[in-house]
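User: Please take a close look at one part of this model for me, namely the backbone features and the spaces in and around the fold. I would like one connected account that I can follow with the structure open beside me.

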Amino acid sequence: MTPITEVEGRRLALSNLEKVLYPATGFTKGEVLHYYATVADALLPHLRDRPLSFLRYPDGPDGQIFFAKNVPPGTPEWVTTAEVPRSEGPARMVVVQDLASLVWAANLVTEFHTPQWVIQDPEIADRLVLDLDPGTPATVVECCEVAVWLRERLAADGIEAWPKTSGAKGLHLLAAVRGASSERVTEYAKALAVEAERAMPRLVLHRMTRSLRPGKVFVDWSQNAARKTTATPYTLRARAEPTVSAAVTWEEVEECRSVGTLTFSASDIAPRLQDFGDLLAPLLDAGRAGAVP
């Protein structure tokens with residue numbers, strides 16, 4: 001019988017809690033739900049008002065993995081949804097606004113991916129993202145070198161950048177921005193990537209050309225496009241182990257000399273939140289948003 005759990009007055013049927021989703025570590029679906037409940041205070045502000053793209057992996061990372069953007073069948077009526085503009089016509093998507101909705105969504109077994117704009121103003125970007133993706137044998141260590149250069153370059157334009165791990169191989173840089181369309185932010189992000197490649201030609205690429213990728217860091221600027229999404233801070237990833245897209249300090253980035261120092265699992269996040277709080281909280285402060293030149 002599926003257990004019924006009450007979360008903030010909402011009744012939720014949570015299924016298959018003993019199911020192992022990460023065979024490499026034995027991490028179960030119940031532990032996934034516990035993780036999200038534990039980090040909800042930090043995660044929810046980064047989900048709030050953003051239409052959610054689900055990257056579902058209901059049988060674990062070795063099973064079928066698929067994107068779902070529309071409101072799933074059986075979504076409770078109390079879960080917030082919003083009509084979102086798309087090139088093929090408007091669509092209705094889930095917006096996770098509270099703990100009950102977060103637990104309901106987590107029960108679907110999904111990564112959380114969100115765009116760089118909010119539903120109240122889909123024409124205007126409020127975040128900039130640069131996804132630093134290393135081509136083997138490059139690793140997150142090389143990403144960190146590129147990230148420090150990009151931090152200084154953004155700062156020269158009056159924009160503060162904040163780092164997080166991708167939860168996979170790379171690093172994400174995020175910045176709060178104001179007053180620009182997704183198209184303009186994308187143009188600016190591309191210009192930064194091109195400039196980084198010119199400054200560090202042996203290390204950086206701004207194009208996703210497979211033959212050029214080995215040993216270099218691809219600065220993916222395209223995720224600023226209105227139709228694109230990025231892994232939300234603190235989401236679990238569909239990897240062999242329950243790794244997390246975790247906020248990190250600039251000191252950790254500057255001192256990174258091995259992959260392990262910037263690899264974080266679900267069990268690492270609650271202690272880090274206790275020690276540091278949400279390192280990405282400045283992104284939520286409109287007063288710190290920079291103007292895109």
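Analyst: Glu8 counts as exposed because its relative accessibility is 56%, above the cut-off of 50%. Everything said here refers to a predicted model. Glu8 sits in the loop that connects strand S1 (4-7) with strand S2 (10-13), and its phi is positive, about 50 degrees, even though it is not a glycine. Most residues other than glycine have a negative phi, and most peptide bonds are trans.

A second residue of this kind is Val109, another non-glycine, whose phi is positive and near 60 degrees. Val109 belongs to the loop between helix H2 (99-106) and strand S9. In contrast to Glu8, which is exposed, Val109 has a relative accessible area of 3% and is therefore buried, the limit being 20%. A backbone feature of another sort occurs at the peptide bond from Thr136 to Pro137, which is cis, with omega near 10 degrees; Pro137 is placed in the loop between strand S10 and helix H3 (140-156).

The C-alpha atom of Arg127 is 33 Å from that of Gly9, a residue 118 positions away along the chain.

The search of the whole structure finds 2 cavities of 30 Å³ or more. The second largest cavity has a volume of about 50 Å³, and the residues that line it include Tyr234, Ala246, Ile269, Arg272 and Phe276. By class, that lining has 7 nonpolar, 1 polar and 1 charged residues.

The open spaces come next. The largest pocket has a volume of about 660 Å³ and a lining of 27 residues, with Asp131, Asp133, Asp220, Gln223 and Arg237 lying nearest its centre. At least two residues of this lining come from each of strand S9 (110-114), strand S10 (124-134), strand S14 (217-220) and strand S15 (230-231), and S10 gives the most, with 3 residues. By class, the lining of the largest pocket comprises 9 nonpolar, 8 polar and 10 charged residues, and at least three of its residues are drawn from each of domain 1 (4-114) and domain 2 (124-291).

The second largest pocket has a volume of about 390 Å³, and among the 19 residues that line it, Pro85, Arg86, Trp117, Ala226 and Arg227 are the closest to its centre. Its lining is made up of 8 nonpolar, 5 polar and 6 charged residues. Because domain 1 (4-114) and domain 2 (124-291) both give residues to this lining, the second largest pocket lies between them.

As for what the record says, an unreviewed UniProt entry annotates residues 28-279 as "domain: DNA ligase D polymerase". Over that stretch the chain is 31% helix and 22% strand, and the C-alpha atoms at its ends are 27 Å apart.

Conventions:
Residues numbered from 1 in each chain as written. Predicted model: local features only at pLDDT ≥ 70, side-chain atom pairs only at ≥ 80, totals over all residues. Heavy atoms only, no water. 1 Å grid on protein atoms, 1.4 Å probe; cavity = no way out; pocket = protein on both sides within 12 Å on 5 of 7 lines; lining within 4 Å. Points joined across faces, edges and corners; volume = space filled by probe spheres on them. Helix = DSSP H or I, 4+ residues; strand = E, 2+ residues; numbered from the N terminus. Nonpolar A, V, L, I, M, F, W, Y, C, P; charged D, E, K, R; others polar. Domains from an automatic or database assignment. Buried < 20%, exposed > 50% of the residue type's maximum accessible area, 1.4 Å probe, protein only. UniProt positions renumbered as here; feature names shortened; annotations may be inferred.
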